[in-house]
Amino acid sequence: MAVARKLAAEHKVTRLLAVEWNVGRTGIIAPRAVLEPVVIDGVTVTYATLLPSGSAALRG
């Protein structure tokens with residue numbers, strides 16, 4: 001038997017410093033947000049992948 005738990009999401013506000021464009025290993029160009037460092041659940045977050053609006057709904 002397996003047990004799965006999901007913790008409540010933690011929300012933080014930070015500042016978008018810049019947007020960088022990265023070329024992935026498959027040749028896809030993807031935007032990456034450069035953020036003012038923020039600690040979320042003990043982890044410092046400085047980058048985030050940006051997705052086109054509506055694409056998250058397509059991914060499920």
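How many strands form the open sheet, and in which order?

**Figure 1. Overview of the predicted chain.** This is a predicted model, in which local features need pLDDT of at least 70 and side-chain atom pairs count only at pLDDT 80 or more, while totals for chains, interfaces and linings use all residues. Residues are numbered from 1 along each chain as its sequence is written, and side-chain values use heavy atoms, with hydrogens and water left out. The protein chain holds 1 helix and 3 strands, where helices (H or I, at least four residues) and strands (E, at least two) are DSSP runs numbered from the N terminus. Read from the N terminus, the elements run β-β-β-α. Of the 60 residues in the protein chain, 10% are buried; buried means under 20% relative accessible area, exposed over 50%, and partly exposed in between, with a 1.4 Å probe and protein chains only. The protein chain exposes about 5,500 Å², and carbon and sulfur atoms supply 58% of that area. Accessible areas come from the Shrake-Rupley method with a 1.4 Å probe, and for residues only the protein chains shown count as cover. Among contacts between residues at least 6 apart in sequence, 17% join residues at least 24 apart, a contact being heavy atoms within 4.5 Å.

**Figure 2. The open sheet has 3 strands in the order β1-β2-β3, with antiparallel pairing.** The edge strands are β1 and β3, each of which pairs on one side only. From one strand to the next, the twist averages 30°; axes are lines fitted to C-alpha atoms, for helices over the stretch in contact, and angles run from 0 to 180 degrees between N-to-C directions. Strands of a sheet pair through backbone hydrogen bonds, either parallel or antiparallel. Here two strands count as paired if DSSP finds at least two bridges between them.

**Figure 3. β1 and β2 form a hairpin with 5 residues between them.** The two strands pair in the antiparallel sense over 7 bridges. Asn 22 has Ala 30 in β2 as its bridge partner, and Val 19 stands opposite Ala 33 in β2. In the turn, Gly 27 has a positive phi of about 90°.

**Figure 4. β2 and β3 form a hairpin with 2 residues between the strands.** β2 and β3 run antiparallel and are joined by 6 bridges. Ile 40 stands opposite Val 43 in β3. Asp 41 is placed in the loop between β2 and β3 (43-49). Although Asp 41 is not a glycine, its phi is positive, about 50°. Asp 41 counts as exposed, at 60% relative accessibility.

**Figure 5. Arg 32 and Glu 20 form a salt bridge.** A salt bridge is a side-chain nitrogen of Lys or Arg within 4 Å of a carboxyl oxygen of Asp or Glu. Side chains of opposite charge can pair when their charged atoms come close. For Arg 32 and Glu 20, the closest N and O atoms are 2.6 Å apart. Arg 32 lies in strand β2 and Glu 20 in strand β1, and the pair links distant parts of the chain, 12 residues apart. Arg 32 is partly exposed at 26% relative accessibility, and Glu 20 is partly exposed at 30%.

**Figure 6. Two further salt bridges involve Arg 15 with Glu 36 and Lys 12 with Glu 10.** A search of the whole structure finds 3 salt bridges. In the pair of Arg 15 and Glu 36, the closest N and O atoms are 3.6 Å apart. Arg 15 lies in the segment before β1 (16-23) and Glu 36 in strand β2 (residues 29-40), so this pair ties together parts that are 21 residues apart in sequence. Arg 15 is exposed at 54% relative accessibility, whereas Glu 36 is partly exposed at 34%. The side chains of Lys 12 and Glu 10 meet at 3.7 Å, N to O. Lys 12 is partly exposed, with a relative accessible area of 45%, and Glu 10 is partly exposed at 38%.

**Figure 7. A nonpolar patch lies on the surface.** The patch consists of Leu 16, Val 19, Trp 21, Val 23, Ile 29 and Leu 50, with about 630 Å² of accessible area together. Patches are made of residues with over 30% relative accessible area and no salt bridge, like charges being joined within 9 Å and nonpolar side chains (Val, Leu, Ile, Met, Phe, Trp, Tyr) within 5 Å. β1 gives the largest share of the nonpolar patch, 4 residues. Ile 29 lies in strand β2 and counts as exposed at 56% relative accessibility.
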